[in-house]
Amino acid sequence: MNIAIIEDDAVLADFLTQALQKHGYTCITYPVGKPLLLKLAKEPEAFDLLLMDWELPDISGLDVVRWVRQHLGTALPIIMVTSRNTEADLIEGLHAGADDYLSKPVKLGELNARMHALLRRTNPVQSDSEVLKLAGYEVYPAEQRISHAGQNIELAPKEFELALLLFRNPGRLFSRDVLSTAVWNREIPATSRTLDTHLSNVRRKLGLRPENGVRLTASYALGYRLDTLDEKSSVEH
């Protein structure tokens with residue numbers, strides 16, 4: 001598992017590297033952001049996760065996040081590790097495309113837990129031939145079909161794309177911009193109800209409620225996340 005640590009504080013970067021290597025991760029550190037972008041431009045799959053500082057000497061960490069999302073999509077997980085920890089900072093980081101946010105000073109137990117959860121939930125190599133199972137739901141990407149408790153549920157094409165993205169990434173927080181870009185290939189203005197209407201339909205049609213083992217959590221400021229309330233999730237080939 002290859003981790004890129006983008007951190008200009010050499011002491012912290014070394015601390016994180018040594019700690020993560022003990023858990024079996026391979027780490028490469030970048031004190032500035034632009035060399036990382038050059039690396040990703042040549043090798044998009046070079047890393048499995050980015051630990052991204054906000055304040056860098058050459059470029060903002062948020063600009064790195066935005067570049068990754070624009071050029072590589074949503075598959076590469078990104079955790080912001082920064083001393084900027086206000087609610088406004090959190091919202092800005094998530095809107096830029098970060099998947100999670102960790103405040104300094106770093107607590108290794110929390111970092112490992114969040115990394116493990118994010119890597120487990122992110123499935124960038126799933127093919128359309130795979131059947132996803134989550135709680136009592138079965139998702140068939142190739143057939144663009146979802147069933148629950150043995151009953152097929154009819155969804156509009158964009159509703160299915162949204163549902164597929166959420167079911168492939170349970171527990172992952174998606175900002176409005178990331179969702180709209182992933183499904184509509186463009187950002188949808190905040191004044192538009194298109195995304196909200198589609199997500200509302202997905203929640204209603206699929207019955208994404210706690211009694212069905214899942215919950216679609218929505219925050220207008222932060223974004224949307226599909227939480228599973230049990231451990232019965234798997235992928236079958």
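**Reading rings, sheet and cores in a predicted model**

Colleague: How many aromatic pairs does the structure hold?

Modeller: The structure holds two aromatic pairs. Keep in mind that this is a predicted model.

Colleague: What describes a pair of aromatic rings?

Modeller: The distance of the centres and the angle of the planes describe it. Take Tyr-30 and Phe-47. Their ring centres are 6.1 Å apart and their planes stand at 85°, so this pair is edge-to-face. The cut-off for that class is over 60 degrees.

Colleague: Which parts of the chain does the pair link?

Modeller: Distant ones. Tyr-30 belongs to strand S2, residues 26-30. Phe-47 lies in the loop between helix H2 (34-42) and strand S3 (49-52). The two are 17 residues apart.

Colleague: Are Tyr-30 and Phe-47 buried or exposed?

Modeller: Both Tyr-30 and Phe-47 are buried.

Colleague: Where do charged ends sit over rings?

Modeller: Here are two cases. The charged end of Arg-84 sits over the ring of Trp-54, 4.2 Å from the ring centre. That of Arg-145 sits over the ring of Tyr-140, at 4.0 Å from its centre.

Colleague: Now the sheet. What is the order of the five strands?

Modeller: The order is S2-S1-S3-S4-S5. The sheet is open and its pairing is parallel. S2 and strand S5 (100-103) are the edge strands, each pairing on one side only. On average, neighbouring strands are turned by 20° against each other, direction ignored.

Colleague: How many bridges join S1 to S3?

Modeller: Four bridges join them, and the two strands run parallel. S1 covers residues 2-6. Its Ile-6 stands opposite Met-52 in S3.

Colleague: Which helix packs on the sheet?

Modeller: Helix H3, residues 61-72, packs there. H3 touches S3 and strand S4 (78-82). The direction of H3 makes about 175° with that of S4.

Colleague: Where is Asn-85 found?

Modeller: Asn-85 is in the loop between S4 and helix H4 (87-96). Asn-85 and Leu-102 are 17 residues apart in sequence, yet 8.2 Å apart in space, C-alpha to C-alpha. Leaving out residues up to four places away in sequence, Asn-85 touches Tyr-101 and Ser-103.

Colleague: On to the cores. Which residues of the largest nonpolar core touch the most other members?

Modeller: Ile-146, Leu-162, Phe-167, Leu-179, Leu-195, Leu-206 and Leu-208 do, out of 29 residues. Several elements give two or more residues to this core, among them helix H6 (157-168), helix H7 (176-184) and helix H8 (194-206). H6 supplies the largest share, seven residues.

Colleague: What does Leu-162 touch?

Modeller: Not counting residues up to four places away in sequence, Leu-162 touches Leu-179, Val-183, Trp-184, Leu-195, His-198, Leu-199 and Val-202. There is also a second, separate core of 23 residues. Its members include Leu-37, Ala-46, Val-68 and Ala-98.

Colleague: Which residues of H7 are buried?

Modeller: Arg-176, Val-178, Leu-179, Ser-180, Val-183 and Trp-184 are buried in H7. The buried residues of H7 pack against H6, H8 and S11.

Colleague: And the whole protein: how many helices and strands are there?

Modeller: Eight helices and 12 strands. Of the 237 residues, 49% count as buried. Among contacts with a separation of 6 or more, 59% come from residues 24 or more positions apart.

Terms used
Residues are numbered from 1 along each chain as its sequence is written. This is a predicted model: local features need pLDDT of at least 70, side-chain atom pairs count only at pLDDT 80 or more; totals for chains, interfaces and linings use all residues. Side-chain values use heavy atoms; hydrogens and water are left out. Rings of Phe, Tyr and Trp (its six-membered ring) pair if their centres lie within 6.5 Å; planes under 30 degrees apart count as stacked, over 60 as edge-to-face and the rest as tilted. Buried means under 20% relative accessible area, exposed over 50%, partly exposed in between (1.4 Å probe, protein chains only). A charge sits over a ring if NZ of Lys or CZ of Arg is within 6 Å of the ring centre and within 35 degrees of the ring normal. Two strands pair if DSSP finds at least two bridges between them. Axes are lines fitted to C-alpha atoms, for helices over the stretch in contact, and angles run from 0 to 180 degrees between N-to-C directions. Contact means heavy atoms within 4.5 Å. A nonpolar core is a set of buried Ala, Val, Leu, Ile, Met, Phe, Trp, Tyr and Cys residues joined through side-chain atoms within 4.5 Å.
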